[in-house]
Amino acid sequence: MPTEKMPTKNKPTKNDMTTDLALLAVLAVLWGASYTFINIGVETIPPVTFIAARTLIAGGILFAIIRWRGLAMSGDAASWRRFAFQACLNSVVPFTLIAAAERSVDAGLATILNATSPIFTFLLTALITRHEPVTLRKLIGVGAGIAGICLIVGTEALGGLGHQLWAQLAIVAATICYAGAAIFGRGFKGLDPMLPAAGSMLCGAVILVPLSLVFDRPWQLAPSTASILALLGLSVFSTALAFVIYFRLIHTLGSVGTTSQAYLRVPIGVGIGAVFLGESLGSTAWLGMAFVVAGVAAMTIPV
C-alpha cells in the first residue's frame, strides 16, 4: 500500500516560523527531561531492557496514532531498511550508550555532552553532504563546542577516573550518532512525520527486545515504582511526542536548525537534574557548559 505523503508547502510564513520555534522549545524541554528520566530508570532496570521497553512503548503509541489518523506504513522492504538504519543511528545505539553511561554520569553532565550534536552535525555536513553553507561563525562555534567537550572530558582523563571517562566518551559517541541521524533523516522529506518516527521506533524494538530477553531476562527483574514511572514518562513524552516534533522540524528548519534546541536543552536538563536528583556541577563543568552553549548558539541562532 503506498505511503501517504505530506502536502507540498510553499515558502514558510511568519506564522509557520513562530510555530516551528515554539515546537523547538517544546522539543528542548522534552529531551532535557529525558536525561533525568533515564537516570532514575536505570537505577533498577538494566540499560538494554530499559531502552527496549522505551522503543517498544513509543513505537506502539505512534503506530496506534497512525492507524487512528487513517495513515498506512509503507510495505516495501526498502523503506523498512531505511527505517532500520535510522533506528540504529537515532535510538538503538545512542539510547543504549546514554542509558549505560548514566549509571555513572550525572544527568546534567550527560545533557551538556549530548548537547554538542549540532557541532557534529555541522562537521558531518561539511565533510560529507555539504548541503548547508560553511561560515566563519559556524567554525567559531565548532571550536567553542569542542573546547567545552575537552574541558569536561579532558579533566576526567587527567584525573584517571576510568569508568567516568569511558562513560562520557560513550555519550559523545551517542551524540555523533544523533548527528548522522539528523542528516539521514532528511531523506524522509515528504513523508508524514509520524511514519519515520514510528518506523524507526518499531525497528529499534525489534532489534533490542531479543537482546533484552537473552541478556537481562526481564521477567526476573524487580524494578522500582520510580523507575517504571520514569520509563513511561520517557517513552510517551520524551520519545513518542518528541520524535514526531523532531521529524517535522528536520523538514522545516533543516538538520542543523533542528539540533539547535541543544543549547536550550542544556540549562533545562541541568536544572531538572538539580531539582529532582540534587545534582551539582563542578567549576570545570560549568566552564565547559558555557563553551558548549556559546558554540551551539553561534552555529544555530539566525543572523
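**Figure 1. Val92 is a buried residue of helix H3.** In this predicted model, Val92 has a relative accessible area of 10% and therefore counts as buried (buried means under 20% relative accessible area, exposed over 50%, and partly exposed in between, with a 1.4 Å probe and protein chains only). Val92 lies in helix H3, which runs over residues 77–101 (helices are DSSP runs of H or I of at least four residues, strands are runs of E of at least two, and both are numbered from the N terminus). Leaving out residues up to four places away in sequence, Val92 touches Ala87, Gly204, Ile207 and Leu208 (contact means heavy atoms within 4.5 Å). Val92 and Ser200 are 108 residues apart along the chain, and their C-alpha atoms are separated by 9.3 Å.

Residues are numbered from 1 along each chain as its sequence is written, and side-chain values use heavy atoms, with hydrogens and water left out. Because the model is predicted, local features need pLDDT of at least 70 and side-chain atom pairs count only at pLDDT 80 or more, while totals for chains, interfaces and linings use all residues.

**Figure 2. The whole chain is built from helices.** The protein chain has twelve helices and zero strands, so its pattern along the sequence reads α-α-α-α-α-α-α-α-α-α-α-α. Of its 303 residues, 51% are buried. Among contacts between residues at least 6 apart in sequence, 89% join residues at least 24 apart.

**Figure 3. Helix H2 crosses helix H3.** The axes of H2 (residues 47–69) and H3 (residues 77–101) come within 9 Å and cross at roughly 135 degrees (axes are lines fitted to C-alpha atoms, for helices over the stretch in contact, and angles run from 0 to 180 degrees between N-to-C directions). H2 is therefore oblique to H3 (angles under 35 degrees count as roughly parallel, over 145 as roughly antiparallel, 65 to 115 as roughly perpendicular and the rest as oblique). The crossing of H2 and H3 is right-handed (a crossing is left-handed if the near helix is turned anticlockwise from the far one by less than a right angle, and right-handed if clockwise). On the H2 side the contact is formed by Pro47, Val48, Ile51, Arg54 and Thr55, and on the H3 side by Ser91, Phe95, Thr96, Ala99 and Ala100. Six of the residues in this contact of H2 with H3 are nonpolar, three are polar and one is charged (Ala, Val, Leu, Ile, Met, Phe, Trp, Tyr, Cys and Pro count as nonpolar, Asp, Glu, Lys and Arg as charged, and the others, Gly among them, as polar).

**Figure 4. Helix H2 also crosses helix H9.** H9 covers residues 225–252, and its axis and that of H2 come within 9 Å, crossing at roughly 50 degrees. This angle makes H2 oblique to H9. The crossing of H2 and H9 is right-handed. Residues of H2 in this contact include Phe50, Arg54 and Ile61, and those of H9 include Ser227, Leu231 and Val244. The contact of H2 with H9 divides into twelve nonpolar, four polar and one charged residue.

**Figure 5. Helix H4 packs against helix H11.** The axes of H4 (residues 107–114) and H11 (residues 261–277) are 8 Å apart, at an angle of about 170 degrees. H4 is therefore roughly antiparallel to H11. Ala107, Gly108, Thr111, Ile112 and Asn114 of H4 meet Arg265, Val266, Gly269, Val270 and Leu277 of H11. The residues of this contact of H4 with H11 are five nonpolar, four polar and one charged.

**Figure 6. Asn39 is a buried residue of helix H1.** H1 spans residues 14–41 and contains Asn39. With 13% relative accessibility, Asn39 counts as buried. Apart from neighbours within four places in sequence, Asn39 is in contact with Glu102, Val105, Asp106, Ala107, Leu277 and Glu279.

**Figure 7. Ile128 is an exposed residue of helix H5.** Ile128 is found in H5 (residues 117–129). Its relative accessible area of 63% makes Ile128 exposed. The C-alpha atoms of Ile128 and Ile183 are separated by 9.9 Å, and the two residues are 55 apart along the chain.

**Figure 8. Arg217 has a positive phi.** Most residues other than glycine have a negative phi. Arg217 is not a glycine, yet its phi is positive, at about 45 degrees. Arg217 is found in the loop between H8 (194–215) and H9. With a relative accessible area of 45%, Arg217 is partly exposed.
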